[in-house]
Amino acid sequence: METIFTLQTRKEDIDQLGHVNNCKYVKFLEDARVNWYENCGISLKDFQEMRIGTVVLKMEVMYRKEAKLGDHLKIITRPDYLGNTSFVLKQDIYNQFDEHLTDAKVTMVMFDTLLRKGIKVIDQIAQNFR
C-alpha cells in the first residue's frame, strides 16, 4: 500500500541557510509514516491500547535538493521489506514542481511497550507487504 502525505513548509522549518533544516525532514517523514499506519487501519491510540508501537532501528536519508519556505511537499510512503519483527518503508519527498528532494529507507521494529522488546509484526501492518 502506497500513501501520499502533503504539507507546506513553514518559517520554523527554515534554518540560517534559508532552506528546510535536515532535522525537519526527519519529522516530515515521521508524520508521513503515522499517516501510513492510519491508512493500514491502526492509529496511535490503537497502538497505545494494544501496548505496542514501532521504533526506528535504522534510517537512511539522501538529501537531493533543498526545500524552501512555503514549498508544498508530497511524501510518498510505501512498503519495501517485511521481516519477522521488523519492516522497511521507502519514502520519497517531492516539491510542488515534482522535483525529487529527498529519499529515505526506514527500518522499523515492532515493539512491546511493557516488555520493552521486539515482537512479531502485527497483521494490520504485515498484510500491506503482500
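Author: Two residues are said to be in contact when heavy atoms of theirs lie within 4.5 Å. The model is predicted, so local features need pLDDT of at least 70 and side-chain atom pairs count only at pLDDT 80 or more, while totals for chains, interfaces and linings use all residues. Residues are numbered from 1 along each chain as its sequence is written, and side-chain values use heavy atoms, with hydrogens and water left out.

Reader: Which residues is Asn-95 in contact with, leaving aside its neighbours within four places in sequence?

Author: They are His-72, Leu-73 and Leu-101. Asn-95 itself lies in the loop between strand S4 (86-94) and strand S5 (100-112). Helices (H or I, at least four residues) and strands (E, at least two) are DSSP runs, numbered from the N terminus.

Reader: Why is Asn-95 called buried?

Author: Buried means under 20% relative accessible area, exposed means over 50%, and partly exposed is in between (1.4 Å probe, protein chains only). Asn-95 has a relative accessible area of 6%, so the residue is buried.

Reader: What makes the link between the side chains of Asn-95 and Glu-99 a polar contact?

Author: A polar contact is a pair of N or O atoms within 3.5 Å; within protein, one must be able to donate a hydrogen and the other to accept it, and residues adjacent in sequence count only if both atoms are side-chain atoms. The two side chains are joined at 2.5 Å, so the distance falls within the limit. A polar atom of the Asn-95 side chain also lies 2.9 Å from the backbone nitrogen of Phe-97.

Reader: How many aromatic pairs are there?

Author: Six. Rings of Phe, Tyr and Trp (its six-membered ring) pair if their centres lie within 6.5 Å; planes under 30 degrees apart count as stacked, over 60 as edge-to-face and the rest as tilted.

Reader: Why is the pair of Tyr-25 and Phe-28 called edge-to-face?

Author: The ring centres are 6.2 Å apart and the planes meet at 65°, so the pair is edge-to-face. Tyr-25 and Phe-28 are three residues apart in helix H1 (residues 22-39), which means that about one helical turn separates them. Tyr-25 is buried at 3% relative accessible area, and Phe-28 is buried at 5%.

Reader: What makes Tyr-25 and Tyr-63 an edge-to-face pair?

Author: Their ring centres are 5.4 Å apart and their planes stand at 70°, so this pair is edge-to-face. The pair links distant parts of the chain, with Tyr-25 in helix H1 and Tyr-63 in strand S2 (residues 52-63), 38 residues apart.

Reader: How do you know that Tyr-63 is partly exposed?

Author: Tyr-63 has 37% relative accessibility, so the residue counts as partly exposed.

Reader: How do you know that Lys-74 lies over the face of Tyr-94?

Author: A charge sits over a ring if NZ of Lys or CZ of Arg is within 6 Å of the ring centre and within 35 degrees of the ring normal. Lys-74 lies over the face of Tyr-94 at 5.6 Å from the ring centre.

Reader: Which residues of the largest nonpolar core touch the most other members?

Author: Tyr-37, Phe-47, Phe-87 and Ile-125 do, in a core of 28 residues. A nonpolar core is a set of buried Ala, Val, Leu, Ile, Met, Phe, Trp, Tyr and Cys residues joined through side-chain atoms within 4.5 Å. H1 gives the most to this core, with six residues.
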